[in-house]
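Subject: Handover of a structure and its findings

Dear colleague,

Please find below the structure that I am handing over to you.

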Amino acid sequence: MNVVELIRRAAAHGTTRFAFELLPPLKGDSKRSVYDAIDPLTDFDPAYINVTYHRESLKRTKLPDGTFEEHVVRRRPGTVGISAAIQKKYGIETVHHLICGGLSKYDIEDALIDMDFLGLHNVLALRGDKRRNEPRFAPHPKGHAHAAELVRQIADMNRGRFVDGEAEVCHRTHFSIGVAGYPETHGEAASPEEDLRHLREKVEAGAEYVVTQMFFDNARYFDFVRRCRAAGIDVPIIPGLKPLATPQHLTVLPEVFGVHIPEALRREAEARPDAVREVGIEWAAAQARELKAAGVPVIHFYTMGRTDNIRRIAQSVF
Ligand code: FAD
C-alpha cells in the first residue's frame, strides 16, 4: 500500500500512526547499524520508514608528487539499496528521499527505474541543500532547480513520459509523492507567502502529502496548517518532530534549520545540561500527545540514526 493511502486510512479511522526517518549507513558500515536502529521501534507498528538521501561532496586529495586531485565522494551512499533491504526484511513501506542536488534528470530517471523494479513506490521529492563550500544551491546543468520540477518529472513518469520522450515499451510506474513544508518558512524564501506559493506549486505538480520540517512549538504547526488551507493546499500535512538530544542542539538546530526553540524548553535544557536527552524526550512526547489529540493521522520522527529516545517517546504516546 502506498503512503498516501496509509495516511488516508489512518485519518478515516481517527487514529494516529507512528513513522520515522533514518539515515543510510556511513560508507564502509554495514546495514546492521540501520537494523539495530529499527528493531526497537517495530513494537509501535510504524506506518512507514523514511530513508534520507545524501548528496555528494568534493574531496581534495594530495598526490605523492605534491599536486592535488579533486574527486566526488558520498559519505552515505546506498539509499536505494537500504530502502529495499528494509522493506524486504520488515515488510514495512519505505519512503525513499530523492533530491535534485548533484543529479541530472537522467540520473534521477535511472534511480526511479531501479526503485520501481525493487518495489519502492514512495518518494519524498526534495531539492536538497547547497554543496558544502558553495555560496548557494546550484542545480546540475541538466537537472532541476526546485523540488516542484522533480515532482513533475516523477508524475510524468507515472504517466509514461520519460525525460527524452516516449519509451517504446511503456510500463507505468505508480509513485506516491510527498514533499517538504516549512512551518517556520524555508530559509531562502522571500516571504512566508512566497514559500506557501511554492509549496502549492509542488502539490499542483503532483505531490500528495507534505511532511514538515521539525518544530518545537505546536502552535507553529497548527498555524502553518491553517495558512496552507487558506492558500488552497488541501493535502495531508504530516508533522515532523525531533527531540532535542544534546546541549549543542540549542544553537545548531536554529542555525541549520531556521527553527525556533521555545523559551521554556531552552530554560529547562540549560538548567539540566547533563539531562538534555531526557528533557528532549519529555518535550517531544508532550508535543506528540497534543498532535495526537488534535487528530493528525501520522507523526514523523527525525531520528538522525539513534532511536533510544524515539522508543521512549513512542512508548508514552502510541
Ligand atoms: P524547494 O521546494 O525547491 O524550495 C527551496 C526554496 O526555493 C524555498 O525557499 C522555496 O520557497 C524556493 N522556491 C521553490 N520553488 C521556487 C521557484 N519556482 N522560484 C523561486 N523560488 C522557489 N535534504 C537532503 O539533502 N536529503 C534528505 O533526505 C532530506 N530530507 C528532508 C526531509 C524533510 C521532511 C525536510 C523538511 C527536509 C529534508 N531535506 C533533505 C532538506 C531539504 O532538501 C532542504 O530543506 C532544501 O533546502 C529545500 O528542499 P525543498 O524540497 O523544500 O526545496
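The sulfur of C228 is too far from another cysteine sulfur for a bond, because the closest one, in C100, is 20 Å away. A disulfide would require the two sulfur atoms to be within 2.5 Å. Please bear in mind that this is a predicted model. By the distance rule, the count of disulfides is 0. C100 is accordingly in no disulfide, its nearest cysteine sulfur being that of C228. Are these two cysteines buried or exposed? C100 has a relative accessibility of 0% and therefore counts as buried. C228 also counts as buried, because its relative accessibility is 0%.

I turn next to the ligand. It is surrounded by 23 residues, and the closest of these are Y53, D129, Y182, D195 and K202.

Several polar atoms of the protein may be examined individually around the ligand. A polar side-chain atom of H146 is placed 3.4 Å from a ligand nitrogen atom. Backbone atoms also take part: a polar one of R127 lies 2.8 Å from an oxygen atom of the ligand, and a polar one of A147 lies 2.9 Å from an oxygen atom of the ligand. On its own, the ligand would expose 980 Å², of which the protein buries 85%.

Which elements give two or more residues to the shell around the ligand? They are the strands β5 (94-99), β6 (122-126) and β10 (209-214), together with the helix α6 (192-205). The contribution of α6 is the greatest, at 4 residues.

Finally, I describe the nonpolar cores. In soluble globular proteins, nonpolar side chains tend to be buried together. In the present model, the largest nonpolar core contains 82 residues. Within that core, the residues with the most contacts are Y48, I86, L112, Y209 and F301. Helix α3 (residues 79-90) supplies the largest share of this core, namely 6 residues. Another core, of 12 residues, lies apart from the largest one, and its members include L265, A269, V276 and V279.

With kind regards

Terms used
Residues numbered from 1 in each chain as written. Predicted model: local features only at pLDDT ≥ 70, side-chain atom pairs only at ≥ 80, totals over all residues. Heavy atoms only, no water. Near = heavy atom within 4 Å. Polar contact = N/O pair within 3.5 Å; in protein donor to acceptor, adjacent residues only side chain to side chain. Areas by Shrake-Rupley, 256 points an atom, 1.4 Å probe, with all protein chains shown as cover. Buried < 20%, exposed > 50% of the residue type's maximum accessible area, 1.4 Å probe, protein only. Core = buried A, V, L, I, M, F, W, Y, C linked by side-chain atoms within 4.5 Å.
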